[in-house]
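Let's take a walk through this structure together. Please have the sequence and the model open as you read.

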Amino acid sequence: STQSTWGDQYVIATKISEAYLSPELVAEHLEKSLQRLQTDYIDLYQIHWHSRAAVKCSKYPDRPLLEEIPLEDTLKALDQLRQQGKIKHIGVCNFGVQDLKRAIQTRIPIISNQICYNLLWRVPEHEVIPFCIQNGIGILPWSPLQQGLLTGKFASLDDIPAGRQRTRLFSKHRPLQRHNEDGIENEVIEAVDKIRILSKSEGRPMNEIALNWLQAKPGVSSILVGARNPEQVRSNVNSLTWSIKPETVEKLDIVTIDVMKALGTNNDPYENSEHSRIQ
């Protein structure tokens, strides 16, 4: 097994799709992951979304499930695999307080919740993060640079590729939108401009400021950072070599608070409250 060569150096984490959360499919897909990764066990096995994200509805008739899979059944299946040594830890992704409470009631240990969280998406601070901290569940932020918005490389929102204009930050008139909300583009532009000014005053690139801000936030265990080339990897890793000042964190909180308030408490970046997959 390759696990013996990298087990002490790396943490292997992967996810299972919301469409495959029935007990028999959980076991089947874990075995496939183990084979593909050429390992005996996975350190962190995560539920990608609650199964409601895969249930057919009038808006999404092509989704594969006719009804939700009971979360308790999924967690029981995962716990059995954990007891067999094929999984070390169980995590969830995109879970709101309602689903987290339901998971905790099973008494099956959940160690992490992977959620969208960054300077422009602070929605989890309303409810999810305080609940996770209270219950010992680590936060793993995805999209920490908000699909490049927090790197400073885009001069305007129109310069951002259409595929990255799908979140609720953007107007419903943008291409590929599905949330049908007005968006908060003016607030986003103002916040990004202020973050850029703060970054210059600190003498640090925007991406490093954004990642360092996240590292300083309560409850954050690790950050999922993507990169398209070695230069981006080096730039993002460089954010680990210094620590942001508490007063800078406070300033960043202030300049992004209007965005946070405007988004409300719906944690789903892509769907409105009616169709939110995060409960």
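The paragraphs below visit a helix pair, a strand residue beside that pair's members in contact terms, and then a later helix.

Keep in mind that this is a predicted model. Start with helix H2 (residues 23–37) and helix H3 (residues 71–83), whose axes come within 8 Å and cross at roughly 40 degrees. The crossing of H2 past H3 is right-handed. On the H2 side, Pro-23, Val-26, Ala-27 and Leu-30 take part, and they meet Asp-73, Thr-74, Ala-77, Leu-78 and Leu-81 of H3.

Now look at Tyr-45, which sits in strand E2 (residues 42–47). Is Tyr-45 buried or exposed? With a relative accessible area of 1%, Tyr-45 counts as buried because the cut-off is under 20%. Beyond its neighbours within four places in sequence, Tyr-45 has contacts that include Val-26, Leu-30 and Leu-78, along with Thr-14, Ile-16, His-89 and Ile-90.

Finally, turn to helix H9 (residues 246–263), where 18 residues reach 25 Å from the first C-alpha to the last, close to the expected 26 Å. H9 bends by about 50 degrees at Thr-256. Thr-256 is also one of the buried residues of H9, among them Leu-252, Val-255, Val-259 and Leu-263. These buried residues pack against helix H6 (185–202) and helix H7 (206–215). Just after H9 comes Gly-264, with a positive phi of about 75 degrees.

How values were computed:
Residues numbered from 1 in each chain as written. Predicted model: local features only at pLDDT ≥ 70, side-chain atom pairs only at ≥ 80, totals over all residues. Heavy atoms only, no water. Helix = DSSP H or I, 4+ residues; strand = E, 2+ residues; numbered from the N terminus. Expected span 1.5 Å × (residues − 1). Bend = angle between axes of the 7 residues up to and from the residue. Buried < 20%, exposed > 50% of the residue type's maximum accessible area, 1.4 Å probe, protein only. Contact = heavy atoms within 4.5 Å. Axes fitted to C-alpha atoms, helices over the stretch in contact; angles between N-to-C directions. Left-handed = near helix turned anticlockwise from the far one by under 90°.
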